[in-house]
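User: Hi! Could you walk me through a structure I just loaded?
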Amino acid sequence: MHLASGRDLGHLTYCTNIHAGEPLDEVMASLARHLPDIKKRVAPEQPLGVGLRLGHAAASGLREPGKMAQFQGLLAEGGYYVFTINGFPYGAFHGRAVKEYAYKPDWSDPLRLAYTDGLADILSELLPAGQEGSVSTVPCTFKPWAEGRLQAITEHLIRHVAHLVGIAAGTGQTIALALEPEPHCYLETIEETVTFFKARLFERKGVARLAALTGLSAAAAEAAMRRHIGVCYDVCHAAVEFEDPAASIAQLRANGILIAKLQLSSALRVAAFDEDSARHLAAFAEPVYLHQVVQKSHGSLRRFVDLPQALAASGSAAGSEWRVHFHVPVFLEQMAHFGTTQAFLAAILALHRADPISRHLEVETYTWDVLPPSYRGTDLSSAIARELNWVKGQLLQ
């Protein structure tokens, strides 16, 4: 939905990666089941934006004869529109162990390029007239895999930007790729992200490569690079990394890095770790997703790739603050035994309200089905609507 309160605050949606289903028919069935009730609760008088998650199987399905028209019909009949796609997970995302497979194929693999080119093509057919689009994606690669891959990663990213330049030339539509920094990935912190953009994409060789692929002048290629590739700022990830809300946004802006999407999410927070919190955290050490942990003690940070490893090494962690990459409902300031990073999210939303950060805002709580049962509730549609309405309450004060 479009948000305006004295100023244009962009478009708000939720990410449909919360719904299980990989083939296109399952994706469409989930949308048909949940969107009518969500729209009724959140945007009864205006079109409802959809943050579409399409894995490789569903994206391929949309290319079958008649399927795009069928999907466009579903959107038109319900009063929905798509302005952003989550292109992060390529394969299955529910019901089996995902863990580091969420990053495969990474940007060193031509499969990632072909898949993301296809998503941009799909989005160009779904975008309402005059709207800009975004596709969020893997932050290059999983950090342990990075050695030897950066040249291919850079080449494939620039080739994708060239594809987006071609879409803009043919349709007039602006679509941006949004790399999503995440704990234990190659782009983990905002500092690392800025360094990558400056050293690999915005520098002379990167711009020259885009110019060679597109036929643009050097000046036009640099402008296109900055227009068509940026970041998806996931608030949960930034909070887990103990970023400073205002300083991190200012750093991206100061370096001319587009914030193509603002992903609104919240993490688990343990203010002072002890045996009691260790016992209760064990319920969140589930087998499907990675739940990276960053511990802060006496000003220094210690990182773990997953919650079980952090718990196994917790003997010397008493009193430290823990932030856990486990997306929890954004409307929860406190949980039964922990806090959350909702205050960080509220700070980002206050910054956005004062000086809009991005045109695209997307609530992303994909972990609903792996939350401990006491937090899940029984009605997913009403929970999603509650999250969206909480965000609206923060922004439309």
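Predicted model: local features only at pLDDT ≥ 70, side-chain atom pairs only at ≥ 80, totals over all residues.

User: Great. Where is N86, and is it buried or exposed?
Analyst: N86 sits in strand β4, residues 80-86 (strands are DSSP E runs of at least two residues, helices H or I runs of at least four, numbered from the N terminus). N86 has 1% relative accessibility, so it counts as buried (under 20% relative accessible area, with a 1.4 Å probe and protein chains only; exposed is over 50%, partly exposed in between).

User: What does the side chain of N86 lie 2.9 Å from?
Analyst: A polar atom of that side chain lies 2.9 Å from the backbone nitrogen of F88.

User: And which strands does β4 pair with?
Analyst: β4 runs parallel to β3 (residues 48-53), with 6 bridges, and parallel to β5 (residues 133-137), with 3 bridges; pairing takes at least two DSSP bridges. N86 stands opposite S136 in β5.

User: Switching topic: which residues of α10 are buried?
Analyst: In α10 (residues 245-254) they are P245, S248, I249 and L252. Seen down the helix axis, the buried residues fall within an arc of 95°, so they line one face; the arc uses directions from the axis to the C-beta atoms.

User: What follows α10?
Analyst: G256, with a positive phi near 65°.

Definitions and conventions
Residues numbered from 1 in each chain as written. Heavy atoms only, no water. Polar contact = N/O pair within 3.5 Å; in protein donor to acceptor, adjacent residues only side chain to side chain.
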